[in-house]
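Student: I would like to go through this model feature by feature. Please take the charged pairs, then the backbone, then the surface.

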Amino acid sequence: MKEIMQLKNYMANPITPVEQLEQNKDDMKTQMELLIMRIQAEFCRALEKEEDKEAKFTVDRWTRKEGGGGITCVLQDGRVFEKAGVNISVVSGKLPPAAIQQMRSRGKNLQNAELPFFAAGVSAVIHPRNPMVPTIHFNYRYFEVQDKNGVQWWFGGGTDLTPYYLNEDDALHFHLTLKHACDDHDSSYYARFKKWCDDYFYIPHRGERRGVGGIFFDDLDTPNQQAAFAFVTSCAEAVIPSYVPLVKKHKDDAYGYHERQWQLLRRGRYVEFNLIYDRGTKFGLHTPEARYESILMSLPLNAKWEYMHQVQPNSEEEKLLKILKEPKDWLQIEDKKRSNA
């Protein structure tokens, strides 16, 4: 599985000079950059098709002095999407101390004090206007770090769904699409990465998850580099079929003031997680010469906090909260395991 350069299809020119990419076609750094360029363009165009004709992504290509840069695509104040951000970054330089500490805490054996690194990733957060359309977040990334023992590499990422009102058919469709992407590579991946996602997107001070989950993984360096890249490619390609049908289905659903206020309260929880707990946000904010506008792209255009807000018993809002406090095995994986035991 090789990525081929498609300059005319991308949202902007690649960050790495084209000649360099052409000379190093088989290098994983090149392959990952071409993958994220393609995924960004495909997702932006799929979202634009759901919008009114005049709503288009603003494309902002940026560079950083220390090395690399990114392409930030944002659609704001659309009829369907209140704020949609799809960002790629390809950066290199020396790892900041906070990032080294974070990696060592995850078990990375990094020996030198100064560690050259390369990181390439695509990340997106889509905040729809209609509360019946869920928010989606996805991120897929590749890291290389060089120390005295050579180059260490790994992949990370995931896709997760944050509805404001629970539609079980939507959650089932979303999880099943991700499971198919996982099963093409390893039948154990979905169950492992689904649990990891539920655990990662937990807001401890609220005692609830951010949404209905999906998949999440980090430090993936097995079974080999090409196989791991193929898996990440499948996951990234599963985003559109997992999410766009939900947008089509609900973007014109009826809603009122009450549903909008609940959506804004839930977005407040989204902000809390991203600014307090999210590792990617922390890594970005600790990176010298980081582009903070792109890092904070994930935040919604509007959010709300109310003092001591309580949901009504037996309401649709309470139905969602129950799932956020106790994640559901949407595909009954554990039930099937027990019945086969």
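**Salt bridges, backbone and surface**

Tutor: Arginine 260 counts as buried, because its relative accessibility is 18% and the cut-off for buried is under 20%. Bear in mind that this is a predicted model.

Student: Which side chain meets arginine 260 in a salt bridge?

Tutor: In general, side chains of opposite charge can pair when their charged atoms come close. Here the partner of arginine 260 is glutamate 82, at 2.9 Å from N to O. The two belong to distant parts of the chain, 178 residues apart: glutamate 82 in strand β3 (residues 81-94) and arginine 260 in helix α8. Glutamate 82 is buried as well, since its relative accessibility is 1%.

Student: How many salt bridges does the structure hold?

Tutor: There are 30. Another one joins glutamate 272 and arginine 206, with 2.7 Å between N and O. This pair also links distant parts of the chain, 66 residues apart, from helix α8 to the loop between β7 (202-203) and β8 (208-209). Glutamate 272 is buried at 9% relative accessibility, whereas arginine 206 is partly exposed at 31%.

Student: Why are lysine 319 and glutamate 316 separated by about one helical turn?

Tutor: Because they are three residues apart in helix α11. Lysine 319 is partly exposed, with a relative accessible area of 35%, and glutamate 316 is partly exposed at 42%.

Student: Which residues are linked in a network of salt bridges?

Tutor: Glu3, Arg38, Glu42 and Glu237 are linked in such a network.

Student: Turning to the backbone, which peptide bond is cis?

Tutor: The bond from threonine 222 to proline 223 is cis, with omega near -5°. Proline 223 sits in the loop between β9 (213-220) and α6 (225-237). Aspartate 219, in strand β9, has a positive phi of about 55° although it is not a glycine. Asparagine 314 is not a glycine either, and its phi is positive, about 60°.

Student: Is asparagine 314 buried or exposed?

Tutor: Asparagine 314 is exposed, because its relative accessibility is 72% and exposed means over 50%. It lies in the loop between α10 (292-295) and α11 (316-325).

Student: Which residues form a nonpolar patch on the surface?

Tutor: Leu275, Ile276, Leu285, Tyr292 and Leu296 do, with about 420 Å² of accessible area together. Leucine 275 lies in helix α8 (residues 257-276) and is partly exposed, at 45% relative accessible area.

Note on methods:
Residues are numbered from 1 along each chain as its sequence is written. This is a predicted model: local features need pLDDT of at least 70, side-chain atom pairs count only at pLDDT 80 or more; totals for chains, interfaces and linings use all residues. Side-chain values use heavy atoms; hydrogens and water are left out. Patches are made of residues with over 30% relative accessible area and no salt bridge: like charges are joined within 9 Å, nonpolar side chains (Val, Leu, Ile, Met, Phe, Trp, Tyr) within 5 Å. Accessible areas come from the Shrake-Rupley method with a 1.4 Å probe; for residues, only the protein chains shown count as cover. A salt bridge is a side-chain nitrogen of Lys or Arg within 4 Å of a carboxyl oxygen of Asp or Glu. Helices (H or I, at least four residues) and strands (E, at least two) are DSSP runs, numbered from the N terminus. Buried means under 20% relative accessible area, exposed over 50%, partly exposed in between (1.4 Å probe, protein chains only).
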